[in-house]
Amino acid sequence: MNIGEKIAALRKQNNMTQEELANHLSVTPQAVSKWENGITSPDISLLGAIASLFHITTDELLGLQAPRAYAAADNDVSNLMLKVRVISVDGDRVNVNIPLSIATFMLESGTKLDFGNEKMKDIDWATITQAVSKGLRGKIVDVTSADGDLVEIIVE
Amino acid sequence: MKAMKILVESEKTKIKLFVPLWLMKSKLLIKWIGGKDKSGSFAKIAKNRELIRKIYTELKKHKGLVLVDVISKDAVVKIVI
């Protein structure tokens, strides 16, 4: 997701129009439209203000860091992606990006979402998808096990 | 044509596959997966034709998606749509 798409998504989650966002940032609505359509990017001096407006960090805005968990205003899950990251102490790295709709189909059909990974066997997927359907987004699981294995689940 | 690019690299193996996405609906592939992974989750998915159809329809919408990227001591596995 590029910065324009991110701004568009954040704006919609906050039920804001392009004009309202433009007023907050003292720019024209056309400028916001150009950012969201990928024609131009916001000036670096505006990044702090945009991040602050949506209560995220500039790293999160730039996609350098997964957003913390937050409640989204709209409950549309059709375009969401479930991202699972596992980094084990023995050096194994697992990245799985699965459209949430597929994850839901799999769970509904009784298929486990552990992707053959031992460290993901105990995750309560039913509760996670239920929370997501009620609007939970961002980094919803961030666990470091006693062995030092890191498991992150991000919905965005 | 949408396809699934599969890369598997290990010490002894290097496999690069370019699998057209529609092939995942074929009975032959489903039977093959079921045979290779008798008790695993892939076999369970493969047996469920309705689930395969839904997954296929969704995956078609996600060109460029890195579905799986696994790096371990023994192997590297990457699946891209």
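Okay, let's start with the sheet: nine strands make one open sheet, in the order β1(A)-β4(A)-β5(A)-β2(A)-β3(A)-β3(B)-β4(B)-β1(B)-β2(B), with antiparallel pairing. At the edges sit β1 (70-71) of chain A and β2 (14-20) of chain B, each of which pairs on one side only. By pairing I mean that DSSP finds at least two bridges between two strands. Strands here are DSSP runs of E with at least two residues, helices are runs of H or I with at least four, and both are numbered from the N terminus.

Quick housekeeping. This is a predicted model, where local features need pLDDT of at least 70 and side-chain atom pairs count only at pLDDT 80 or more, while totals for chains, interfaces and linings use all residues. Residues are numbered from 1 along each chain as its sequence is written, chains are lettered from A and ligands numbered from 1 in the order in which they are written, and side-chain values use heavy atoms, with hydrogens and water left out.

So where do the two chains join up in that sheet? It's at β3(A) and strand β3 (residues 66-71) of chain B, which run antiparallel and are joined by four bridges. If you want to find the spot on screen, A:R93 has B:I71 as its bridge partner, and A:V94 stands opposite B:V70.

Stay on B:V70 for a second, and step into chain B: this residue also stands opposite B:V77 in β4(B). β3(B) and β4 (residues 75-80) of chain B run antiparallel, with five bridges between them, and B:V68 has B:I79 as its bridge partner. A hairpin through three residues connects β3(B) to β4(B).

Now the interface as a whole. Taking contact as heavy atoms within 4.5 Å, 18 residues of chain A touch 18 residues of chain B. The chains bury about 1500 Å² between them, 62% of it on carbon and sulfur atoms; that's accessible area (1.4 Å probe) lost on putting the two parts together, summed over both. On the chain A side, A:N97, A:I102 and A:F105 lose the most area, together 28% of what that side buries.

Which elements of chain A supply at least two residues each to that side? β3 (93-99) and α6 (100-108). β3(A) gives the most, with seven residues. And α6(A) lies across β2 (81-87) and β3 of chain A, at about 90° to β3(A). That angle is on a 0 to 180 degrees scale between N-to-C directions, with axes fitted to C-alpha atoms, for helices over the stretch in contact.
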